[in-house]
Amino acid sequence: MARSDEGAAVTLAGSFAEYMARPEIVAARAESERERAERAAAAVAEHGSEEAVFADTPIEAALRTACEPLLGPGHTWDGVYELAGWSWLQGRDRMPAALRAAAAEAWRMPETVAAAWAEYQARDRREGERYALFPDWSPHAFTEARRGLVEEVLDTYPARSLADLRARLSWLDELNEIDATSQREQRVRLVTLRADIERMAMRLRSQGPGGDQ
């Protein structure tokens, strides 16, 4: 590294350290850590132990069993592994057919948008508890595969009730919060939502005043 580069690196490191030492930053980090510790303690109290928080849920156990034949040669659940040549970093669009089938058949797929949202929320809550206990924890690829399929339901299934429509709006709000959606996927979601609204409007008009919504 050239001397000028070394000097720039030292200056940058010093500026970062100075920024992190600012009282408001220190206070924010302390508050975040307090909230994490509270959530971790609540999870242990609810489930009985840290081991119980990390134990497979029934759906996770079913997914693990269904996906085990797809583990790469020499791969184990305890290391870096692939399922049918797929890792969760590749995204759902590149998920192999064998993995899609295993993730869908291991546990009955939700048939409505509301049911998909309920499954998504349950998974998100348990994973949040695990992150609170161990911030470096990572989910298994088989749960990421299932998540991709559930998100497809949330993105594309037609709403059949107001519960479905509310679930879809909650899903879009979730995406807005995490800001992790591509423009193409967002277009698909908006087209689906527009069709939902038109379908609901037609149904309500056909029922007349006081109809069952």
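This note sets out numbered points on the predicted model shown above.

1. Basis of the model. The structure is a prediction, in which local features need pLDDT of at least 70 and side-chain atom pairs count only at pLDDT 80 or more, while totals for chains, interfaces and linings use all residues. Residues are numbered from 1 along each chain as its sequence is written, and side-chain values use heavy atoms, with hydrogens and water left out.

2. Overall composition. The protein has 9 helices and 0 strands, where helices (H or I, at least four residues) and strands (E, at least two) are DSSP runs numbered from the N terminus. Of its 213 residues, 31% count as buried; buried means under 20% relative accessible area, exposed over 50%, and partly exposed in between (1.4 Å probe, protein chains only). Among contacts (heavy atoms within 4.5 Å) with a separation of 6 or more, 71% come from residues 24 or more positions apart.

3. Helix H4 spans residues 58-67, and its buried residues are Ile59, Glu60, Leu63 and Cys67. These residues lie on the same side of H4 because they cover an arc of only 100° around the axis, the arc being that of the directions from the helix axis to the C-beta atoms. Pro58 and Thr65, on the other side of H4, are exposed. The buried residues of H4 pack against helix H5 (97-105), helix H6 (113-133) and helix H7 (141-156).

4. H4 against H7. Two packed helices are described by the angle between their axes and the distance between the axes. For H4 and H7, the angle is about 105° and the axes are 9 Å apart. Axes are lines fitted to C-alpha atoms, for helices over the stretch in contact, and angles run from 0 to 180 degrees between N-to-C directions. H4 and H7 are therefore roughly perpendicular to each other; angles under 35 degrees count as roughly parallel, over 145 as roughly antiparallel, 65 to 115 as roughly perpendicular and the rest as oblique. H4 contributes Ile59, Glu60, Leu63, Arg64 and Cys67 to the contact, and H7 contributes Phe142, Thr143 and Arg146. By class, the contact has 4 nonpolar, 1 polar and 3 charged residues. Here Ala, Val, Leu, Ile, Met, Phe, Trp, Tyr, Cys and Pro count as nonpolar, Asp, Glu, Lys and Arg as charged, and the others, Gly among them, as polar.

5. H5 against H7. The axes of H5 and H7 come within 9 Å and cross at roughly 80°, which makes H5 roughly perpendicular to H7. In this contact, Leu99, Arg100, Ala103 and Ala104 of H5 meet Ala145, Arg146, Leu149 and Glu152 of H7. The residues of the contact divide into 5 nonpolar, no polar and 3 charged.

6. Nonpolar cores. A nonpolar core is a set of buried Ala, Val, Leu, Ile, Met, Phe, Trp, Tyr and Cys residues joined through side-chain atoms within 4.5 Å. The largest has 33 residues, and those with the most contacts inside it are Cys67, Trp77, Tyr81, Leu83, Leu99, Phe142 and Leu154. At least two residues of this core come from each of H4, H5, H6, H7, helix H8 (162-178) and helix H9 (183-207). H7 gives the most, with 7 residues. A second, separate core of 5 residues includes Ala43, Val53, Ala132 and Leu133. Cys67 touches Trp77, Leu83, Leu99, Ala102 and Phe142, not counting residues up to four places away in sequence.

7. Arg130. This residue is found in helix H6 and is buried, with a relative accessible area of 3%. Not counting residues up to four places away in sequence, Arg130 touches Val53, Phe54, Ala55, Thr57, Glu60 and Trp137.

8. Glu50. Glu50 lies in helix H3 (residues 50-54) and is partly exposed, with a relative accessible area of 45%. Glu50 and Leu133 are 83 residues apart in sequence, yet 7.7 Å apart in space, C-alpha to C-alpha. Beyond residues up to four places away in sequence, Glu50 touches Val44 and Leu133.

9. Two loop residues. Pro139, in the loop between H6 and H7, is buried at a relative accessible area of 17%. Pro139 touches Arg123, Glu127, Tyr131 and Glu144, not counting residues up to four places away in sequence. Ala84 is found in the loop between H4 and H5 and, at 34% relative accessibility, counts as partly exposed. Most residues other than glycine have a negative phi. Phi of Ala84 is near 55°, a positive value in a residue other than glycine.
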